[in-house]
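The following report describes a single protein chain, moving from its overall make-up to individual residues. Please read it alongside the sequence and coordinates shown here.

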Amino acid sequence: MKKFFIVAAALLTFAVFGAVAQSETASQAASETAVAAPVAQPEAVAASGTESSAGAIKYVAAALAVGFACIAGGLAVGKIGSAAMGAMSENAELSGKALPFVGLAEGICLWGFLVALLIIIL
């Protein structure tokens, strides 16, 4: 359980740093736009702030989707893999029946990546 909190804290830290970097980039772009057009409309400034926070939230959501999926996949592979090895030590014929379950558990990580990719793209 301690490992879970350490990994979750690390993922949250990376997501926060990514959001800060995204907002820094957006603020630099906004300042360049303000220099190019000294008379800016308040609606345009408010819209750019809303877009940058929405972009940051997308990155945090994608990071959480991948993080939680990989943590869950790792826990599932650990439990299924140990049970499969125990069963194969008693009966070697079970190896072909146990390996697909490990593959299904690894598929959880792939689904998390696909969800994150869809969050970022859409």
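Of the 122 residues of the protein chain in this predicted model, 16% count as buried. The accessible surface of the chain comes to about 8600 Å², and 74% of that surface belongs to carbon and sulfur atoms. Among the contacts with a separation of 6 or more, 86% are accounted for by residues 24 or more positions apart.

Helix 1 covers residues 2-36, and Gly-18 is found within this helix. The C-alpha atom of Gly-18 lies 9.6 Å from that of Ala-63, although 45 residues separate the two along the chain. Helix 2 covers residues 42-90 and includes Val-60. When residues up to four places away in sequence are not counted, Val-60 touches Ala-15 and Ala-19. Val-60 can also be related to Ile-119, which is 59 residues away along the chain and whose C-alpha atom is separated from that of Val-60 by 10.0 Å.

Helix 3, made up of residues 95-121, has 27 residues and reaches 40 Å from its first C-alpha to its last, which is close to the 39 Å expected at 1.5 Å a residue. The buried residues of helix 3 are Ala-98, Val-102, Ala-105, Gly-107, Gly-112 and Ala-116. Trp-111 has its place in helix 3 as well, but this residue counts as exposed because its relative accessibility is 61%, and the cut-off for that class is over 50%.

Trp-111 also belongs to a nonpolar patch on the surface, which it forms with Leu-110, Phe-113, Leu-114, Leu-117, Leu-118, Ile-121 and Leu-122. Together these residues have about 890 Å² of accessible area.

Which residue carries the nearest cysteine sulfur to that of Cys-70, and how far away is it? The structure holds zero disulfides; Cys-70 is accordingly in no disulfide, and the nearest cysteine sulfur, that of Cys-109, is 4.1 Å away.

| Residue | Relative accessibility | Class |
|---|---|---|
| Gly-18 | 32% | partly exposed |
| Val-60 | 24% | partly exposed |
| Cys-70 | 37% | partly exposed |
| Cys-109 | 23% | partly exposed |
| Trp-111 | 61% | exposed |

The class of Cys-109 follows from its 23% relative accessibility, because buried means under 20% and partly exposed lies between that limit and the exposed class. Val-60, at 24%, is likewise partly exposed, while Val-102 is one of the buried residues of helix 3.

Conventions: Residues are numbered from 1 along each chain as its sequence is written. This is a predicted model: local features need pLDDT of at least 70, side-chain atom pairs count only at pLDDT 80 or more; totals for chains, interfaces and linings use all residues. Side-chain values use heavy atoms; hydrogens and water are left out. Patches are made of residues with over 30% relative accessible area and no salt bridge: like charges are joined within 9 Å, nonpolar side chains (Val, Leu, Ile, Met, Phe, Trp, Tyr) within 5 Å. Accessible areas come from the Shrake-Rupley method with a 1.4 Å probe; for residues, only the protein chains shown count as cover. A salt bridge is a side-chain nitrogen of Lys or Arg within 4 Å of a carboxyl oxygen of Asp or Glu. Helices (H or I, at least four residues) and strands (E, at least two) are DSSP runs, numbered from the N terminus. Buried means under 20% relative accessible area, exposed over 50%, partly exposed in between (1.4 Å probe, protein chains only). The expected span of a helix is 1.5 Å times one less than its number of residues. Contact means heavy atoms within 4.5 Å. A disulfide is a pair of cysteine sulfur atoms within 2.5 Å.
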